[in-house]
Amino acid sequence: MIDSKEASAALADIDDIVQRVKQSQLYELASYAAVWWGVLVLAGNLVTWLWPVYAVYAWVAVDVLGVGGLVALRLLNPPHHPRGAAFDIRLLLVFVLFFAFGYLCTNVIGHFGPRQLGAFWPLYFMLFYTLAGLWFGYAFVAIGLGISALTLIGFVFIGEAFALWMAFVNGGGLILGGLWMRRI
């Protein structure tokens, strides 16, 4: 027989294991999403740098493919509880609100040029990445703050090659961050 102290310690150990498994599952899904967005963002920035006239089309494609990939990832990996089996429309609404607010800031309130847009969107995305990290784990915070800092450094110090810088900082940073999350 075990006493109440040993039983309490065993339950605490079990709870710790459950929390680690939940975080590892979250990190696995988030790593797929980060790599997916990283590849798309890298491509969008390369198009912006090589063929600026096509940048607007590239970024629409990046956003549509990015959101579509996240929806597919969610459908292929539903939560493991009874209510999670159906697709939650709130995921799409989050993206609609996210992009609508970004558009309002960059095109209605402010009239951002290409360079400002190239800095705003990664910083805006990384704000939410960093905020998510406050709940879901330090990897999100590290990735968000790292990409934000490098974006600001590039915005201030990198000239004409800013889009190329962002291809590697934002796209490459998301890819590396996603691969790193798989190893945590």
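Colleague: Quick one to start. Is Met166 buried or exposed?

Modeller: Buried. This is a predicted model, and in it Met166 has 1% relative accessibility. Buried means under 20%, so Met166 qualifies.

Colleague: Which helix is Met166 in?

Modeller: Met166 sits in helix H6.

Colleague: And what is Met166 in contact with, leaving aside neighbours within four places in sequence?

Modeller: Five residues: Asn45, Gly118, Pro122, Thr151 and Gly171.

Colleague: What about Ala119? How far is Met166 from Ala119 in space, and how far in sequence?

Modeller: The C-alpha atoms of the two are 8.3 Å apart. Along the sequence, 47 residues separate Met166 and Ala119.

Colleague: Let's zoom out. How many helices and strands does the protein chain have?

Modeller: Six helices and zero strands. Along the sequence, the pattern reads α-α-α-α-α-α.

Colleague: What share of the residues is buried?

Modeller: 32% of the 184 residues in the protein chain.

Colleague: And the contacts? What share comes from residues 24 or more positions apart?

Modeller: Counting contacts with a separation of 6 or more, 63% are between residues 24 or more positions apart.

Colleague: Now the largest nonpolar core. Which residues touch the most other members?

Modeller: Trp37, Phe99, Tyr129, Leu174 and Met181. That core holds 28 residues.

Colleague: Which elements give two or more residues to this core?

Modeller: Helix H1 (4-50), helix H2 (55-76), helix H3 (90-109), helix H4 (114-136), helix H5 (138-157) and helix H6 (162-183). The largest share, seven residues, is from H1.

Colleague: You listed Met181. What is Met181 in contact with, leaving aside neighbours within four places in sequence?

Modeller: Tyr27, Ala30, Ser31, Ala139, Phe140 and Ile143.

Colleague: Switching to helix packing. At what angle do H4 and H5 pack?

Modeller: About 160°, and their axes are 7 Å apart. Angles over 145 degrees count as roughly antiparallel, so H4 and H5 are roughly antiparallel to each other.

Colleague: Is the crossing of H4 and H5 left-handed or right-handed?

Modeller: The crossing is left-handed.

Colleague: Last topic, H2. What does H2 span from first C-alpha to last?

Modeller: H2 reaches 31 Å with 22 residues. That is close to the 32 Å expected at 1.5 Å a residue.

Colleague: And which residues in H2 are buried?

Modeller: Ala55, Ala58, Val62, Gly66, Val67, Leu70, Val71 and Leu73.

Methods. Residues numbered from 1 in each chain as written. Predicted model: local features only at pLDDT ≥ 70, side-chain atom pairs only at ≥ 80, totals over all residues. Heavy atoms only, no water. Core = buried A, V, L, I, M, F, W, Y, C linked by side-chain atoms within 4.5 Å. Buried < 20%, exposed > 50% of the residue type's maximum accessible area, 1.4 Å probe, protein only. Helix = DSSP H or I, 4+ residues; strand = E, 2+ residues; numbered from the N terminus. Contact = heavy atoms within 4.5 Å. Expected span 1.5 Å × (residues − 1). Axes fitted to C-alpha atoms, helices over the stretch in contact; angles between N-to-C directions. Parallel < 35°, antiparallel > 145°, perpendicular 65-115°, else oblique. Left-handed = near helix turned anticlockwise from the far one by under 90°.
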